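Dear colleague,

Please find below the structure that I am handing over to you.

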Amino acid sequence: MRGQWFIDGTWQPLEEEESNKIEQEHLSCFRGQQMQENFDIEVSKPIDGKDGSGINYSAIHSFKLSRNHVDWHSMDEVYLYSDATTSKIARTVTQKLGFSKASSSGTRLHRGYVEEATLEDKPSQTTHIVFVVHGIGQKMDQGRIIKNTAMMREAARKIEERHFSNHATHVEFLPVEWRSKLTLDGDTVDSITPDKVRGLRDMLNSSAMDIMYYTSPLYRDELVKGLQQELNRLYSLFCSRNPDFEEKGGKVSIVSHSLGCVITYDIMTGWNPVRLYEQLLQKEEELPDERWMSYEERHLLDELYMTKRRLREIEERLQGLKASSMTQTPALKFKVENFFCMGSPLAVFLALRGIRPGNTGSQDHILPREICNRLLNIFHPTDPVAYRLEPLILKHYSNISPVQIHWYNTSNPLPYESMKPNYLHPAKEPTSVTENEGISTVPSPVTSPVLSRRHYGESITNIGKASILGAASIGKGLGGMLFSRFGRSSASQPSEISRDTIEDEKKPIASPPTTTVATQTLPHSSSGFLDSAYFRLQGSFFNLPQLLFPENVMQNKDNTLVELDHRIDFELREGLVESRYWSAVTSHTAYWSSLDVALFLLTFMYKHEHDNNAKPNLDPI
């Protein structure tokens with residue numbers, strides 16, 4: 001926002017539209033006159049009242065706005081009044097009691113800020129703008145995204161001064177508030193809400209209801225268009241005030257939170273459930289009717305099928321002609337350089353839409369690079385709303401821990417591109433085993449987890465593995481396979497596992513020289529959800545799904561496991577004395593003021609400059 005007229009006392013700027021109208025009216029009346037230099041002017045005589053001499057000092061000019069009006073008592077004395085009914089009544093009562101109009105309900109305005117600007121105040125040239133998109137709950141606390149963006153901007157400034165001070169460029173964070181302008185159902189939901197525990201119900205209506213709106217085919221498009229139009233409006237406004245931004249190749253990134261990640265993703269990719277539904281209906285129409293039909297009925301159905309196919313061909317040709325004659329307007333007016341998801345449920349939405357792991361490590365599997373250059377998923381380990389994206393690209397990455405985000409005060413941290421994978425379960429570490437090699441469950445120093453405790457998933461899965469081993473030891477054969485788990489959290493009865501069995505699992509166990517077994521973690525089978533289960537047979541460990549489904553192992557031609565082109569999941573570190581239960585409540589909104597998040601964002605935003613420099617003088621990169 002650009003400020004011209006400011007409120008006395010708080011020095012907050014007026015809304016830009018009203019400020020421009022007041023400025024035009026002020027110039028038309030007082031152009032050529034000189035303002036007084038000091039803002040601290042005491043009103044020595046009453047306004048809209050009479051002094052002892054009986055002279056009446058009234059407004060010399062008045063201007064009507066939509067919900068307010070402005071009175072000029074002099075060139076330097078300007079007051080804003082509300083035209084609401086309650087304000088009018090209050091003004092009438094106070095004026096009859098002898099108070100002036102300005103002192104009773106007026107807000108004094110100043111043209112220009114309280115401090116004069118200097119050349120040193122001018123920020124560096126903005127080469128990268130970041131749109132910050134909110135999730136649910138904005139209706140409950142309007143303006144919260146502006147405050148959250150201010151916190152993120154302040155944290156980024158501290159990081160820039162500390163680690164990026166040698167850069168002559170500047171990253172600007174701009175809030176995108178898209179919820180308040182939407183109509184949706186109006187007040188229908190409020191009218192059907194019972195009065196008991198009204199506060200809790202209103203909170204849910206103002207927050208969680210946004211998820212239901214987005215899954216509704218009636219209101220989904222309104223949410224998508226609301227965010228899309230606001231992004232394009234802000235980008236056009238910024239470019240109009242910074243004409244060199246596009247000419248000099250300025251970049252745009254998006255930081256989305258919670259549900260905002262899903263809406264932003266759908267805008268970039270153009271995903272539409274209506275088209276998906278039409279495709280399903282089309283497939284159902286093409287399925288043959290297996291009930292008995294007479295010759296005449298089947299003949300008519302064949303003619304109907306041929307007519308529909310002919311009609312579809314004509315429609316496709318017509319659509320092709322339209323597409324060739326007019327270029328399709330992209331949803332966004334800019335190319336997204338980086339798409340940062342914070343506390344994002346996007347992976348759940350994609351999984352429910354049918355996205356399944358592929359056989360290549362490219363980001364294009366879920367978000368093409370021509371749409372967005374880099375996708376990064378940031379989450380706190382105890383955030384109950386956040387989910388991982390990497391296992392949707394390559395299944396075995398569910399056994400590889402997310403990349404740990406560096407603390408902002410870490411000295412000389414390892415670059416993210418140089419960090420090697422850490423396996424959640426080292427006993428399942430993917431390696432290629434030749435015919436003359438045995439299997440060792442001892443993790444290598446490179447792939448061992450660097451932290452003594454894992455943030456999530458480890459305890460439950462280790463209990464499940466130990467349950468499998470204990471059951472297999474008792475069964476002494478294939479009967480133990482029946483105890484293999486069908487998910488990470490399905491293992492139970494941990495108290496029945498003997499300590500000797502668990503300790504035995506941690507020891508290196510040599511396989512017979514004639515045994516050939518691969519130890520990659522595999523995708524779930526298409527018919528069930530059998531995860532990687534281990535059973536003991538004649539003193540050796542075998543990976544059950546690899547014996548049953550060897551074709552599902554994603555390997556390159558040189559017998560090495562397929563890896564991602566670049567990592568996507570990045571995890572914040574837990575505090576040493578942090579309570580996980582309390583953190584689960586607060587972690588979803590803890591990203592805005594985090595200096596670790598600010599350093600992470602700036603690291604990737606300045607990366608294009610690092611690539612151009614031979615030796616960037618930046619310790620944390």
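A charge is said to sit over a ring if NZ of Lys or CZ of Arg is within 6 Å of the ring centre and within 35 degrees of the ring normal. By that rule, arginine 353 lies over the face of tryptophan 271, at 3.6 Å from the ring centre. Arginine 573 is likewise placed over the face of tryptophan 407, at 5.0 Å from the ring centre.

Please note that this is a predicted model, in which local features need pLDDT of at least 70 and side-chain atom pairs count only at pLDDT 80 or more, while totals for chains, interfaces and linings use all residues. Residues are numbered from 1 along each chain as its sequence is written, and side-chain values use heavy atoms, with hydrogens and water left out.

As to the overall make-up, the protein has 19 helices and 16 strands; these are DSSP runs numbered from the N terminus, with helices (H or I) of at least four residues and strands (E) of at least two. Of the 621 residues, 42% are buried, where buried means under 20% relative accessible area, exposed over 50% and partly exposed in between, with a 1.4 Å probe and protein chains only.

The structure holds 15 aromatic pairs. Rings of Phe, Tyr and Trp (its six-membered ring) pair if their centres lie within 6.5 Å; planes under 30 degrees apart count as stacked, over 60 as edge-to-face and the rest as tilted. The rings of phenylalanine 164 and tyrosine 606 are stacked, because their centres are 4.7 Å apart and their planes stand at 20 degrees. This pair links distant parts of the chain, 442 residues apart: phenylalanine 164 is in the loop between α4 (144-163) and β9 (169-176), and tyrosine 606 in the loop between α18 (595-605) and α19 (607-612). Both phenylalanine 164 and tyrosine 606 are buried.

The rings of phenylalanine 570 and phenylalanine 600 have centres 4.8 Å apart and planes at 55 degrees, so this pair is tilted. Phenylalanine 570 lies in strand β16 (residues 569-571) and phenylalanine 600 in helix α18, so the pair ties together parts that are 30 residues apart in sequence. Phenylalanine 570 and phenylalanine 600 are buried as well. Ring pairs also join Phe340, Tyr416, Phe570, Phe600 and Phe604 into a cluster.

Helix α18 itself is mostly covered, with 10 of its 11 residues buried. Among them are Asp596, Leu599, Phe600 and Phe604.

Yours sincerely
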